[in-house]
Amino acid sequence: MADTVIAYIANNSSTNITAQSIAEHLRISQVTLNKELSQMTKLPLGKCLKQVRLMHARYLLLSTNYSVAYIANYCGFSSAKVLERNFKAWKK
């Protein structure tokens, strides 16, 4: 299930993904989603979502000539500054 959730997040990163939208897509409850995902990834859904978005942003930053602002928006971050702050915290 974790692979399915991660693929869904990656394919829909530019949309407003929520626990509810993921649970509805998988046709399970949010409680089940959070429980199963936490057991498999050792991360709560929110952190897993941010991690997938950051990895996708990293890939785009390294492999394209898109602007940081475009990549931030495309990956679901509210601004380039938010992406930068999260990226720095992730990569230290």
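Predicted model: local features only at pLDDT ≥ 70, side-chain atom pairs only at ≥ 80, totals over all residues.

Me: How many charged residues are in the contact of α1 with α2?
Reply: From α1, the residues that meet α2 are Thr 4, Val 5, Tyr 8 and Ile 9. Their partners in α2 are Ser 21, Ile 22, His 25 and Leu 26. The contact divides into 5 nonpolar and 3 polar residues, and the number of charged ones is: none.

Me: What is the handedness of the crossing of α1 with α4?
Reply: The axes of α1 and α4 come within 10 Å and cross at roughly 55°. The two helices are therefore oblique to each other. As α1 passes α4, the crossing is right-handed.

Me: How many nonpolar residues does the contact of α1 with α4 have?
Reply: On the α1 side the contact holds Val 5, Ile 6, Ile 9 and Ala 10. On the α4 side it holds Leu 45, Cys 48, Leu 49, Val 52 and His 56. By class, there is 1 polar residue and no charged one, and the nonpolar count is 8.

Me: Are α4 and α6 parallel, oblique or perpendicular to each other?
Reply: The axes of α4 and α6 come within 11 Å and cross at roughly 100°. The range for roughly perpendicular is 65 to 115 degrees. α4 and α6 are therefore roughly perpendicular.

Me: How many charged residues are in the contact of α4 with α6?
Reply: Lys 50, Gln 51, Leu 54, Met 55, Ala 57 and Arg 58 of α4 meet Leu 83, Asn 86, Phe 87, Trp 90 and Lys 91 of α6. The contact has 6 nonpolar and 2 polar residues, and its charged residues number 3.

Me: Which element gives the largest share of the lining of the largest pocket?
Reply: The largest pocket has a volume of about 150 Å³. Its lining consists of Leu 43, Lys 47, Lys 50, Gln 51, Leu 54, Asn 86, Ala 89 and Trp 90. Two or more lining residues come from each of α4 (45-63) and α6 (80-91). The largest share, 4 residues, comes from α4.

Methods:
Residues numbered from 1 in each chain as written. Heavy atoms only, no water. Contact = heavy atoms within 4.5 Å. Nonpolar A, V, L, I, M, F, W, Y, C, P; charged D, E, K, R; others polar. 1 Å grid on protein atoms, 1.4 Å probe; cavity = no way out; pocket = protein on both sides within 12 Å on 5 of 7 lines; lining within 4 Å. Points joined across faces, edges and corners; volume = space filled by probe spheres on them. Axes fitted to C-alpha atoms, helices over the stretch in contact; angles between N-to-C directions. Parallel < 35°, antiparallel > 145°, perpendicular 65-115°, else oblique. Left-handed = near helix turned anticlockwise from the far one by under 90°.
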